[in-house]
Amino acid sequence: DPNIKIGLIDSGVDTLHSDLRANLLPGHDAVSDSTDGYPTPTYPNDGHGTCCAGILSAVKDNNLGTAGVAPGCKVLPVRAFYYIQLSPGNEPLPYSTAEAFADAIGWSWSEAGADILSSSWALPDEFIGLLPGGKQPVEDAIRTAYANARGGKGIPHEEAMRRLGL
């Protein structure tokens, strides 16, 4: 359904990807390190968000790549973390702050009107606890979205709700 907006909170999306462009809406860069203010990958590993966007809403029947599970829905690319290269030859590591994750969650539902939040960060609880700013702002943002998004209907997110005991 083209009226369904999915807030994809991840490492950024290749906004020029030919199999995604038709289903991308204007996004948000919660870490604010891009030069154009729009989520774009900075390292090859930032492609995680692009892959997730493809799984969600890659265009079907266009003879490109694959089709998403919801190829008619629209994706709001929201960049909440990025990768930093600490030294040459080492794997880049994810970096963010609690403020960036909270901003990404809040913007998705309150500013952009997301119907669904997709958050496949794969960040373990101990990493979230080490975020600059602690995990409380992230938990508060999830609780607020759960209670208030979609005109008070909320946005359920199974993994986030499990972590928060909701």
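View 1. Lying across implies contact, meaning heavy atoms within 4.5 Å. Axes are lines fitted to C-alpha atoms, for helices over the stretch in contact, and angles run from 0 to 180 degrees between N-to-C directions. Helices (H or I, at least four residues) and strands (E, at least two) are DSSP runs, numbered from the N terminus. The model is predicted: local features need pLDDT of at least 70, side-chain atom pairs count only at pLDDT 80 or more, and totals for chains, interfaces and linings use all residues. Residues are numbered from 1 along each chain as its sequence is written, and side-chain values use heavy atoms, leaving out hydrogens and water.

**View 2. Helix α1 (residues 47-57) lies across β1 (5-10), β3 and β6.** Helix α1 runs at about 155 degrees to β1.

**View 3. Four strands form an open sheet in the order β2-β3-β1-β6.** The pairing is parallel. Two strands pair if DSSP finds at least two bridges between them. β2 (28-29) and β6 (116-118) stand at the edges with a single partner strand each, so one side of each has no neighbour in the sheet.

**View 4. Two bridges join β2 to β3 (residues 74-79).** H28 has V78 in β3 as its bridge partner.

**View 5. Helix α2 (residues 98-111) packs with helix α4 (residues 136-152).** Their angle is about 10 degrees, and their axes are 8 Å apart. The two helices are therefore roughly parallel (angles under 35 degrees). Among the residues that meet are F101 and W109 in α2, and P137 and I142 in α4.

Notes: Angles under 35 degrees count as roughly parallel, over 145 as roughly antiparallel, 65 to 115 as roughly perpendicular and the rest as oblique.
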